[in-house]
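Visitor: Hey, I've got this structure to look at and I'm new to it. Could you walk me through it?

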Amino acid sequence: MDKTKVFDFERLTTFGEVDCACGQKHSTDTKILAVGRGVIEELPDALKKLNVKRPMIVSGSFVFPTVGEKVCMVLDKANIEYSIFVFESNGTKKLQPNEEAVTEIIEKFNPICDILLSVGSGSVSDVCKAAATELNVPQLTVGSAPSMDGYTSASSSLEINNTKASVNVNAPVGIICDVELMAQAPMRLLWAGLGDIAAKTCSLCEWEMASVIKGEHYCPYTANMVKLSYERSLSGAPGIPERNLDSVQAVIEGLLLSGVCMSYVNSSRPASGLEHYFSHCWEMMAIARGKEYDLHGIYVGIGTVITLNIFKKLRYLRPDRARAEKAAAEFDRDTWEARLRRVFKSTAESFIALEDKLRKNDSKNRMQRVDKILEKWDKLVEILEKAPDPEEFEAVLRSSGMPTRASEIGLSADDVADAFVCSRDTREKYLISSLIWDIGYMDEFEALVKELV
Ligand SMILES: [Zn+2]
Ligand SMILES: [Zn+2]
């Protein structure tokens with residue numbers, strides 16, 4: 001094993017199934033995970049290993065002149081023929097990961113190609129995974145920035161009907177992350193990667209709490225791997241402003257490992273909790289306002305700092321049944337619907353329909369959860385105590401130069417409050433905000449998050 005590599009990815013990807021004590025068998029569909037300096041040169045070998053002959057390169061207009069050109073050079077040197085499709089430049093606007101972009105790839109795909117070679121980061125990777133799944137061809141990614149942990153995942157985050165949705169797709173068969181190339185990515189993308197990995201300090205706790213309250217499957221083995229992944233990535237934070245290669249490598253390795261963990265349990269649970277819902281909500285709010293949204297990881301990093309502060313306040317609370325009962329009796333469906341419509345405009349209707357299916361607001365269902373929460377409160381506090389101290393943690397993130405407060409990226413105290421209160425309504429996942437609503441403390445915590453802007 002290369003000494004500069006902390007994680008033995010080769011072992012992770014070729015080890016086959018892990019027969020785990022949690023009762024599940026864990027595996028990943030990704031066969032090649034190459035991370036390190038100069039690993040772009042391994043691309044021809046990777047194609048050979050995957051038994052494919054002609055890649056179709058798909059890239060964005062910003063990334064193609066740097067990483068894309070390098071990919072072409074490596075393929076030319078190895079006498080490998082390829083086809084190329086580069087998304088047209090749209091001024092300074094980022095590529096929108098929507099159905100049109102996926103259709104464009106499908107239409108431009110040269111049928112003599114036998115693999116889709118995605119060159120880029122978040123959006124390009126999302127649309128390529130979806131297109132490759134539709135085309136029924138394997139997909140290999142050459143990463144251009146350590147900006148998120150979704151490279152290895154079997155889901156794509158796509159804009160569908162004015163909302164961001166997670167779509168099930170085939171996971172890439174290979175990922176190549178050349179540290180030297182990725183270190184040159186725009187600084188904001190490097191920060192975004194740190195933000196996305198920071199999330200795991202919260203999501204791990206929420207995962208364990210959901211197993212206690214809702215009986216969701218929980219795997220201590222995978223949880224420990226996620227912990228290793230964020231410790232590894234965050235060790236790189238102070239070296240990010242100088243684009244130190246060891247630091248960038250640390251960030252990438254942690255992000256990839258976190259992605260593998262999601263495949264291991266076939267769920268985003270280990271890697272995504274309330275902090276991610278701040279991001280989902282702010283994205284949807286931007287779409288509803290007709291504005292461009294910020295990078296996923298930038299939102300998630302800020303959401304993480306807020307969530308850690310929520311965890312800390314929650315640790316000192318003693319919830320009781322009377323208060324929860326009072327909140328349940330006072331719940332007003334019209335006020336609840338009106339807020340969703342104000343925040344998300346037309347998209348709110350799908351959240352209202354989701355409630356009609358789930359009935360999470362019904363008093364009886366709510367009080368059943370409350371009883372469980374009260375019964376297990378000491379255990380829940382014990383789990384919350386595993387999360388880092390918010391102030392110390394924010395200082396680690398700040399050492400990279402990244403924004404850690406919503407006001408730094410143009411969001412208001414009301415935007416933070418709306419995202420927090422509505423987070424529990426946008427998808428099915430049980431979040432820490434769901435718990436706070438259940439026990440009747442929403443107003444107190446809404447006031448807290450507003451102060452954290
Ligand atoms: Zn397990
Ligand atoms: Zn994420």
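This is a predicted model: local features need pLDDT of at least 70, side-chain atom pairs count only at pLDDT 80 or more; totals for chains, interfaces and linings use all residues.

Visitor: Okay. Which domains is the protein chain divided into?

Guide: There's domain 1 (9–185) and domain 2 (267–451), with bounds that come from an automatic or database domain assignment.

Visitor: And what separates their centres?

Guide: Taken over C-alpha atoms, the centres of domain 1 and domain 2 are 32 Å apart. Eight residues of domain 1 are in contact with 12 residues of domain 2; contact means that the C-beta atoms, placed from the backbone, lie within 7 Å.

Visitor: What classes of residue are on the domain 1 side?

Guide: The side of domain 1 touching domain 2 has one nonpolar, four polar and three charged residues. Here Ala, Val, Leu, Ile, Met, Phe, Trp, Tyr, Cys and Pro count as nonpolar, Asp, Glu, Lys and Arg as charged, and the others, Gly among them, as polar.

Visitor: Switching to the sheet: what's the strand order?

Guide: It's an open sheet of six strands, β3-β10-β7-β6-β4-β5, with parallel pairing. Strands (E, at least two residues) and helices (H or I, at least four) are DSSP runs, numbered from the N terminus, and two strands pair if DSSP finds at least two bridges between them.

Visitor: Which strands stand at the edges?

Guide: Those are β3 (32–36) and β5 (83–86); each has a single partner strand, so one side of each is left without a neighbour in the sheet. On average, neighbouring strands here are turned by 15° against each other, direction ignored.

Visitor: How many bridges join β7 to β10?

Guide: Three bridges join β7 (residues 139–143) to β10 (residues 174–178), and the two strands run parallel. Threonine 141, for example, has isoleucine 175 in β10 as its bridge partner.

Visitor: Which helix packs on that sheet?

Guide: Helix α5 (residues 122–135) does, touching β4 (55–59), β6 (115–120) and β7, and its direction makes about 170° with that of β6. Such angles run from 0 to 180 degrees between N-to-C directions, and axes are lines fitted to C-alpha atoms, for helices over the stretch in contact.

Visitor: Now helix pairs. At what angle do α9 and α10 pack?

Guide: Helix α9 (residues 220–234) and helix α10 (residues 245–265) pack at about 165°, with axes 7 Å apart. They are therefore roughly antiparallel; angles under 35 degrees count as roughly parallel, over 145 as roughly antiparallel, 65 to 115 as roughly perpendicular and the rest as oblique.

Visitor: Which residues make that contact?

Guide: Among them are Met225 and Leu228 of α9 and Leu255 and Cys261 of α10. By class, this contact has 11 nonpolar, five polar and two charged residues.

Visitor: What about α19 and α21?

Guide: Helix α19 (residues 413–426) and helix α21 (residues 442–451) pack at about 140°, their axes 8 Å apart. That makes α19 oblique to α21. Their contact includes Phe420 of α19 and Met442 of α21, and its classes are seven nonpolar, no polar and two charged residues.

Notes. Residues are numbered from 1 along each chain as its sequence is written. Chains are lettered from A and ligands numbered from 1 in the order in which they are written. Two residues are in contact if their C-beta atoms, placed from the backbone, lie within 7 Å.
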